[in-house]
Structure formats: C-alpha cells, structure tokens
Amino acid sequence: MSRPYKTIEPSVIDDKMLEEMVKKQGPLGRAGQIAQQEGIDFKDVDHLQLDFQNILKIDNMWQFTSLTKLQLDNNVIEKIEGLNTLSNLIWLDLSFNNIEMIEGLDELVKLEDLSLYNNRISKFENMDSLVNLQIFSIGKNHISDLESVVYLRRFKRLRTLNLAGNPVSESERYSLYIPAFLPNLMYLDFRLIDKLTKELALQMHHSAIAYLVHQEGLEFKSLERMRLEEEELALHQVLNEMQHISDNVLMESKSRHMRAKINKLWSKLMSLEMQLVDQLEEASREFERNISEIVSTYIENVQALIAQCRDLENRNHENMLEIAMSSYDKMGKTEGDEEMPEELRALFIDKDTVINTVNASHDLHLLKIDNQEDKMVTKSNAWVRDILEKLHADEIARNRKRVLEINIYISHWRDELDFLELQDG
C-alpha cells in the first residue's frame, strides 16, 4: 500500500524540477517554441503533473496561484503540506503515496475531486473546509471504523465515494450503511447505488438517521449561539470604550467602527440564517424523498396484498358457484338438504337466480376489496401530503420569526449607538 524509496534517492520539488515539468507539459508547436524561449510564468499555469517523480515532500508550490489541477500521485510523499496558496485547486491526486494523515487542505475551498487512494490513512479528519467536494477516492487505506463515515455527511455535494480495499468495506453492514448515512451519494466504489438499495438502507437505519439529524440540528444551533455571544461581547466592549471618550474626532471614528461592526453582525446573522435555511431545505428534501419512498413501498405492498385478496376471492367465487350449482342439481333431484332454511331455499327457484345471487355476492366482495385499497392508498398519500405541507409551513414561519428577531436585535444596537452619539453631541 506504499511506495518504497530506500533504494532510490527521494527528490524534492525545486525550481529546476518545476521548470522542466512546466516546459514539458506546456503548449505544442509554434506556441511551445515561443514559451520555451520566453519562459512560462508559474502563476499562469493551471494544470501540473508531478507524478512518478519520487517526491518525498511537497514544497515550492506558492507561485502556482492559478493552478486548478495537480497530480502528485505515485510518489513517496508522507505528509500533505505546502498547498496553502493553491486556493483555486479543483482537482488533486495524491494517490499511491505514503500519507498517514489527512491535513493541509484548509485553503482548498474550491476542491471538487480528491484522490487519496492507496495510502496509509486510518481516519477522516481536517476536511471541513472542502465544502465543494464531489468526488472522494480513499480506497486501499486503513479506514476500519464504519461509524466514522458519518463525518462525510458535512459534504452536501459529495456524489462519488470510493472506500474499496479498506477494512471497513469488509463489514457485512457496509453496503447498506453507507447509502443510509450518505443519502446524496450516487456512486459507491464506482458502482451506481440503485433505488432499491437506498430504500432498504433507509428502512434498516431509519431511527439512527433521525437521531443523527436531530443532533446535527442541535450542534448547529449551539455553534450559532456561541458566535452570537462572541459578537455581542465585542459590541459591549466597544460601547463601554465609547462612553469614556471625550475627543470628538476619536468618538466619530469609534462610532463609524461600531456601526460597521453592527452591520457586519447583521450580515453574519443573516448569512447564518440562510445557511440554516439551506441545510433545513436539504434535510426537508431528504426527508420528503425518504418518506415518499417508504410510503411508495408501503403502497406497493398493500396493492400486492390486495391482489392476493382478489385472487382468493375469485377462487372463493368459483368454489361457491360450484357448490351452489351442485346444491341446485340435488334439489332438482329431490336430494336437497331438508334442513336448509326457507330463505336460502327460495334462492334455488331456478338456475339463473342461483348464478346471479352468487355473482352479486362476488361483485360485492370485490367492491369492498377495491374500496379498502382506495381508502388505504388515499389515506397514505394524504398523510404524506399533510406532513410535508406542515413541515414547509413550519419552516416558513420559523424563518420569518428568525429574520424578525435578527432585525429587532440589530435595531436595538443601532438605537444604543444613536443614543450614545446624541449624548456626545
């Protein structure tokens, strides 16, 4: 799972290597000749291949500020570092190295495709800033804790995940656990996750997922409260300082600074609210999708059972008709049951009456079966519709209330500042 370098002298990413690789991968033809003569500015390079160079340490990458694709696979790299200036990076390949820990990715906020395949990594960590991550390959590593996959739920855009070759992929729970806890995932180990697998995964882990979503909501609220308290404390400190200022020029400067902080606080609170709205909207869509799938499966099962009921009723009808005709024939031969009630005997006036009576009973039974099916299907769909409508209505009401609270809160601080300015004036 790692590449040896004891027999080969490991290399360092220096200017000479970078110049050689940039020229080698530069434009062809006449444009390439001009580039060779005039040189290529590193800050203009957007793609760079440094694979199979026996590189031990990532270094000297600070000039490649426009880089969007970087290949560092098939080296002997032991640590992810030196990438802080590559903020435009979208595609990063660090596969087939000797990396033991995920780190050094904090500034790569635009990263969409990350490969850490075939390394020595045992834990998901230090990836919180990768908000745009869509493809993550970390197969053939040392990931052994199935529950640790929950860490990847924070990547709302993640669609493809490769964990094949890790100890975790050998678990019997693996194939259903991953789709359940990462519902937006489309491909696992480069195989499409079909609808049936998602339904089974959700049914198996429904309670655990509901609890997890609740906990995530609580954590978000706690974080929001902490941020608000920090901002409020900072505002109080500035106001206290302003109360003891006698210099008008300094007071005016502090006042502008305070007003800017209040406006910044408003923007931050509204931004947090929008983030919460987006998260709740995504959670609502996930809930809607999951509950719709559950009800759809339930309706399919109901319809299958109803179909069985119809088959049983049809067989029962055939048996009843056979018994009725047999009884009619016996009565015609004076072999009828002398203990048969008079009301029943009256039905055996003629053959058509017997057949019509049995058929009418059959039709009535089928009608009741059909009505029961319609009732169950209609009630199920109405139940889902009512839940989703209430969910959406509650979220709209919550959002409006929250926005009003933010505006009232900010108005309070602005009023405090205005009052202080009036006193000073």
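Residues are termed buried under 20% relative accessible area, exposed over 50%, and partly exposed in between. In the predicted model described here, Asp394 has a relative accessible area of 40% and is therefore partly exposed. The side chain of Asp394 meets that of Lys390 in a salt bridge, with a distance of 2.8 Å from N to O. Lys390, at 55% relative accessibility, counts as exposed. Asp394 and Lys390 are 4 residues apart in helix α7, so about one helical turn separates them.

Side chains of opposite charge can pair when their charged atoms come close. The count of salt bridges in the model comes to 12. Among them is the bridge between Arg285 and Glu281, for which the distance from N to O is 3.1 Å. Both residues belong to helix α5, which spans residues 248-332, and they lie 4 residues apart, about one turn of the helix. Arg285 has a relative accessible area of 43% and is therefore partly exposed; Glu281, at 42%, likewise counts as partly exposed.

A further salt bridge links Lys43 with Asp44, where the closest N and O atoms are 3.8 Å apart. The relative accessible area of Lys43 is 41%, so this residue is partly exposed. For Asp44 the value is 53%, which places this residue in the exposed class. Salt bridges also join Glu273, Glu395 and Arg398 into a network.

Aromatic side chains were examined next. A pair of aromatic rings is described by the distance of the centres and the angle of the planes. A search of the whole structure gives 6 aromatic pairs. In one of these, the ring centres of Tyr177 and Phe181 are 4.3 Å apart and the planes meet at 25 degrees; because planes under 30 degrees apart count as stacked, this pair is assigned to that class. Tyr177 and Phe181 are both located in helix α3 (residues 174-181), at a spacing of 4 residues, or about one turn of the helix. Both Tyr177 and Phe181 are buried.

Tyr409 and Trp413 form an edge-to-face pair, with 6.3 Å from centre to centre and 80 degrees between the planes. These two residues lie in helix α7, which covers residues 351-424, and are 4 residues apart, about one turn of the helix. Tyr409 is buried because its relative accessible area is 18%, under the 20% limit. Trp413 is also buried, with a relative accessible area of 1%.

The charged end of Lys69 sits over the ring of Trp91, at 4.5 Å from the ring centre. In a second case, the charged end of Arg154 is placed over the ring of Tyr151, 3.8 Å from its centre.

Strand β4, comprising residues 69-71, includes Leu70. The relative accessibility of Leu70 is 0%, and the residue therefore counts as buried. When neighbours within four places in sequence are left aside, Leu70 is in contact with Leu48, Leu50, Met61, Leu83, Leu86, Leu89, Trp91, Leu92 and Asp93. Trp91, one of these contacts of Leu70, is the residue whose ring lies under the charged end of Lys69. Leu70 and Asp46 are 24 residues apart in sequence, and their C-alpha atoms are 8.4 Å apart in space.

Definitions and conventions. Residues numbered from 1 in each chain as written. Predicted model: local features only at pLDDT ≥ 70, side-chain atom pairs only at ≥ 80, totals over all residues. Heavy atoms only, no water. Phe/Tyr/Trp six-rings, centres within 6.5 Å; stacked < 30°, edge-to-face > 60°. Buried < 20%, exposed > 50% of the residue type's maximum accessible area, 1.4 Å probe, protein only. Lys NZ or Arg CZ within 6 Å of the ring centre and 35° of its normal. Salt bridge = Lys/Arg side-chain N within 4 Å of Asp/Glu carboxyl O. Contact = heavy atoms within 4.5 Å.
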